[in-house]
Amino acid sequence: MSHIQALLDAIGLGAVYGLMAVGIGLVFGVLRLVNFAYGQVIMLAAYMLVFTTGWPDVASILVAVLMAVFASLVMERVAFRRLRTSSPATMLVATFAISYLLQNLALLRYTYHSRPVGDSVGTLAGLINAVQIGSLHIRWITFVAIGTGLVSFTLLALLLKRTTIGLQMRAAAADFRTARLLGVRADTVIMTAVAISGVLAALAAVILAVSSTVVTYQTGLSETILVLVGVVVGGIDRLLSATLGGFAIGFATSFVGAELPNQGTTPFTSNQYLPSVIYIGVIVVLLLRPAGLFARRGQAPVERV
Amino acid sequence: MKDVRGWLPELAAPVVLVVLLALIASQVLSGGDDVKFRNAIVSIAIVVALYVFVGNSGVVSFGHVSFVAVGAFSAGLMTVPSDVKPGVLPDLFGFLKHHSIGNASSLLLAAAIGGAYALVVGIPLMRLSGLSAGIATFAVLGITYNILRYWTRIGPGAETLSLVDNGSPTTDYLQATVGALAVIVAAFLYQRSRWGRQLRAAREDPAAAQAAGIDIHRQRLWAFTLSGALSGFAGGLFVHLYGSINTNDVYLDLTFLTLAMLVVGGMSSLLGAVVGTIAVSLVQIWLSDWENKWHIGSTAILPGGSSYVGVAIVMLVVLLVRPSGITGGRELGFGRFGRRG
């Protein structure tokens, strides 16, 4: 496999993880809540693609988006809103519980068997096919991932910089109490952030489901864990650094995985040990730059008093 | 230690709860609930070990199951009889393949390896705090799992390690109960010690603690090491109680479940750790007894697997109603009525 091929695939995965990182970072910004259940929002959206097999692709995707937004808002209303003043550990464990709940509900409903995405002739499922450019085999879904990432990031940047609600979201992320004192409505800002994160979850769900061709009760779980790691490594205090962190961990996972040899049982010598290589990198970065790889310089993390 | 009314309830309450649990378990140990009561007693040891660091320091660690894992695998590996080991685990390093040790010494070995691993990992990592510390400890878990799963020279790899030498179910359960009590006593002695109090002071107010001359990094490191040793020990109890272990038993599910138990009980008290574990375990036991019990027509009201959904709902409701856990992070004490007022 050529290096350019590996590079393109890595950018594709980085784009998906970047989308998820934005979703997680937006909610963290306004709520200071690390949403572990984000993966199950993705799972729910991905099951909608199975559920709507035979429907036009646009309708399927729309249902997935609606489902993800609905699930996110319900989570916010039922759990996050009551936990706003709780300790970070309580908030995190509450999202574990939600995640566990949704996984097991999916398990009850759909069992362990994986479900294929869409009908085999549908355009959506067909995006898994590759296009040949010279010696490169690039799946259409890789282009879709990169395109979706670019369009979403642009739209989001416009929203945050050019609209009132965007300004309010940035203000809330910087200092929630002062923002409220200045007339920013907490519930509106939080629900907007949660809804946008739901839309992004649905987009990530479509790409992940099409790439893996199936949906299971574990869809989105391992990806979310990696993105959470990436977001903290990048710097969770700012949306941009969190997004770059998500992109970086997706990129690194895919690229290092392609470059490591396939064979070898001694630790760190083959792609079986890919997680170890990535996590060693994570630890090194955190030790050198605890506030995040892409955090602004001069923002040394202090013990939160 | 002179003020009996101050410290006795703090130690006695968790001990009494564990003894009660063991007595209930001894009545039903041969029945269908066997496995779940085993889970409960091992979980107590693991959650209390986790509490020693998380509860006293206030820093959430996702890495503790790594110490449980190395403890469990070293205790398990070293008690597989050396005459069968070369046959079932041909890839092992020679010194692992040809030696075996007894039950009690394997538990000490598990504690030693867990503690040593925590110390080595903790020296750099304990400089971090908050989310960075959480993610860094999670990275340790990822690395531990990955290496244990693929490096067949130090263990069974992705296979299940079985043939671990164990006794009768009753003696094993007794060993696990006594072991869990030992972990509780260690946690109690630590939190009452000078170091434990220093760390708790740093948890409440890091700036003031530092100003009072407390070396936060060092205190966190001691707690992390002790907690790692107790986790390794708990891993040893785990492997002897079940007689087998797979890397998937000591990975994400156990990490999240034990953390949830701790937070549900109340993460800053020893009583909270024990109460949370017993509460979640009992809910699991009851709900799974109700699965497939009642039917409407031929459809079960609670089909197989619904107990997991129930456990998640119970945990969520407890956290929403009592965000600081069932015990509110307090110990049981008569201090209010006693001399310390």
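Helices (H or I, at least four residues) and strands (E, at least two) are DSSP runs, numbered from the N terminus. In these terms chain B has 14 helices and two strands. With a radius of gyration of 20 Å, close to the 20 Å that the globule rule gives for 341 residues, chain B is as compact as a globular protein of that length; the radius is taken over C-alpha atoms, and the rule is 2.2 Å times the number of residues to the power 0.38.

The structure is a predicted model, in which local features need pLDDT of at least 70 and side-chain atom pairs count only at pLDDT 80 or more, while totals for chains, interfaces and linings use all residues. Residues are numbered from 1 along each chain as its sequence is written, and chains are lettered from A and ligands numbered from 1 in the order in which they are written.

**The two chains**

Chain A contains 12 helices and four strands. Its radius of gyration is 19 Å, close to the 19 Å given by the globule rule for 305 residues, so chain A is as compact as a globular protein of that length.

The table lists burial and extent for each chain. A residue is buried if 20 or more other C-beta atoms lie within 10 Å of its own, exposed if 12 or fewer, and partly exposed in between, with C-beta atoms placed from the backbone.

| Chain | Buried residues | Span along principal axes |
|---|---|---|
| Chain A | 51% of 305 residues | roughly 60 × 45 × 40 Å |
| Chain B | 52% of 341 residues | about 60 × 60 × 35 Å |

Two residues are in contact if their C-beta atoms, placed from the backbone, lie within 7 Å. In chain B, 79% of the contacts between residues at least 6 apart in sequence join residues at least 24 apart. For chain A, residues 24 or more positions apart account for 70% of the contacts with a separation of 6 or more.

**Confidence in chain A**

pLDDT is the predictor's confidence in each residue, from 0 to 100. Its mean over chain A is 89, and 95% of the residues of chain A reach 70 or more. Over residues 300–305 of chain A, pLDDT stays under 50, and the model has nine contacts beyond four places in sequence for this stretch.

**Individual residues of chain A**

A:I141 belongs to helix α6 (residues 140–162) of chain A. It counts as buried because 24 C-beta neighbours lie inside 10 Å. Beyond its neighbours within four places in sequence, A:I141 is in contact with A:L127, A:I128, A:I207, A:V210 and A:S211.

Most residues other than glycine have a negative phi. A:R32, in the loop between α1 (3–31) and α2 (38–51) of chain A, has a positive phi near 55°. A:R32 counts as partly exposed, with 13 C-beta neighbours inside 10 Å. The phi of A:F268 is also positive, near 75°; this residue lies in the loop between α11 (239–259) and α12 (274–288) of chain A. With 16 C-beta neighbours inside 10 Å, A:F268 counts as partly exposed.

**A helix pair in chain B**

The axes of helix α3 (residues 64–79) and helix α6 (residues 103–125) of chain B come within 8 Å and cross at roughly 145°. Such axes are lines fitted to C-alpha atoms, for helices over the stretch in contact, and angles run from 0 to 180 degrees between N-to-C directions. Residues making the contact include B:F67, B:V70 and B:M78 of α3(B), and B:L107, B:I113 and B:Y117 of α6(B).
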